[in-house]
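Hi,

Here is the structure I promised to pass on. Have a look at it first, then read my notes below.

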Amino acid sequence: MTAQRYAQVAGWGMCVPERVLTNHDLEKVVDTNDEWIVSRTGIRERHVVANERETTSTMATRAARAALMVADLAPNQIDLVIVATVTPDHSFPSTASLVQDALGAAKAGAFDLSAGCSGFIYGLVLASGYISGGYAEHVLVIGAETLSRIVDWTDRNTCVLFGDGAGAVVLSAADRPCGVVSSVLGSDGSGGELLIMPAGGSRCPTSHETVSNGDHFVKMNGSEVFRFATQIVPKATEQVVQKAGWQLGDISLLIPHQANSRIIASAAKRLAIPAERLFVNVDRYGNTSSASIPIALCEAIAAGRVKAGDKLVMVGFGAGLTWAAAAVEWGRPVPTKPQPWLRRTLASLRFAWAAFRSPGLRLARHGYDLTLGPEGREDWRGQLRKRVDAWRRKHQKPGA
Ligand code: UT7
């Protein structure tokens, strides 16, 4: 009989852009004020990218490096990279593939996951099942967003709400019960138009008209999403707790999606979760969609609010409409000191190597055809290419 496998959180990391946009900064951009934003949302400031060099993949990569460092893993030990995002660098290739390349995770598969603000939990649950099924040892799950690039900075209904950032965890195989104990994943596509970016997909491809209508920006029916959220967060939390065989009183820390402090407070009240068992940081980051829960998790760990044996519930909701909750039993003690300098140096060298590896692979791909010519030539270059191709087929691993 095969032994039962579990998936524990072995590493975590986050990255937010340095640039901070306060509510007072926004007062200069749209007709709004700090008092309205704080009282209706709890948000005081958010981080936003400062230039085109900062993207979803660059933030995701930095968060992932930090997570690998905590897990003390080399990038080539990762079997799978999942990036949950609604703001990928491109429609394709996936942001996950860009992250895999930037990390030098040469043996990993990679794909993006689109489930709105619930995406990170969807990824966590998927990764956990993949590991417990015996298909992987280590999986990177990342939630990353550059929402500042898809909000309409003239629409006060939405632009004050969102922020940019990334959070990552490494899930690793474990042989004793821990990690994701139960999960709830849900979707109600009939509410799709309540939170949507109408243009840019196959239904409504980008055109001059879609751009002039602003259809490439986030559109949201705030009050409807608010109503949905206040119902679904407590419901999904109750369901996931019941599936785990826990009581609500067993929850050590509830980490809800950070969209609005009123939604969080309403859910906490209904669930009778006191402030000391609730994590809130929406005031400093705004709504970072799929990044909000992993960022909150990292901050909760840094604040000493997570320890081995704790029972965590993470719960999200968002575009789709989707919702997701995971009950997680924390397996590992949280390290109190950073990794020794030798390990940190080694990790930095690996990341530096990845930075060379990627352009090297690109150069090799172009240089190969340039020097040996296309396939099928009859001259000496063609003959040489035939031999090299045969050798490569025999010896090289894909992606190497
Ligand atoms: O990640 C998941 C996705 N999103 C969410 O979870 C968002 C869920 N919804 C919400 O958080 C809230 O509905 C909002 C924060 C978006 C809005 O709060 P609300 O209490 O539902 O306000 P409202 O939409 O009912 O608007 C009230 C008023 C309106 O003025 P009138 O029509 O009553 O004169 C708005 O025009 O507030 C006005 N308003 C603003 N005023 C100042 C809307 N945005 C602003 C603003 N500054 N930024």
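How many helices and strands does the protein chain have? There are 13 helices and 13 strands in the protein chain; these are DSSP runs (helices are H or I, at least four residues; strands are E, at least two), numbered from the N terminus. Before you go further, note that this is a predicted model, where local features need pLDDT of at least 70, side-chain atom pairs count only at pLDDT 80 or more, and totals for chains, interfaces and linings use all residues. Residues are numbered from 1 along each chain as its sequence is written.

**The whole chain**

The C-alpha atoms fill a box of roughly 75 × 60 × 40 Å, taken along the principal axes. Buried residues (20 or more other C-beta atoms within 10 Å of their own, with C-beta atoms placed from the backbone) make up 46% of the 400 residues.

**Around the ligand**

The ligand has 20 residues around it, and the closest are Thr-32, Arg-156, Gly-222, Phe-226 and Ala-259. To be counted, a residue needs its C-beta atom, placed from the backbone, within 6 Å of the molecule. H8 gives the largest share of this shell, five residues, while helix H2 (34–41) and helix H6 (156–159), like H8, each supply at least two. Sorted by class, the shell has nine nonpolar, nine polar and two charged residues. Here Ala, Val, Leu, Ile, Met, Phe, Trp, Tyr, Cys and Pro are nonpolar, Asp, Glu, Lys and Arg are charged, and the others, Gly among them, are polar.

**H8 meets H9**

Helix H8 (residues 222–244) also has a partner: its axis and that of helix H9 (residues 261–271) come within 9 Å and cross at roughly 40°. Axes are lines fitted to C-alpha atoms, for helices over the stretch in contact, and angles run from 0 to 180 degrees between N-to-C directions. On the H8 side, the contact includes Phe-226, Ala-229 and Val-233, and on the H9 side Ile-263 and Leu-271 are among the residues. In contact means C-beta atoms, placed from the backbone, within 7 Å. By class, this contact has seven nonpolar, three polar and one charged residues.

Now find Gln-339, in the loop between strand S13 (322–329) and helix H12 (341–372). Leaving aside neighbours within four places in sequence, Gln-339 is in contact with Met-69, Asp-72 and Arg-344. The C-alpha atoms of Gln-339 and Val-70 are separated by 7.3 Å, though the two residues are 269 apart along the chain.

Cheers

Notes: Two residues are in contact if their C-beta atoms, placed from the backbone, lie within 7 Å. A residue is buried if 20 or more other C-beta atoms lie within 10 Å of its own, exposed if 12 or fewer, and partly exposed in between; C-beta atoms are placed from the backbone.
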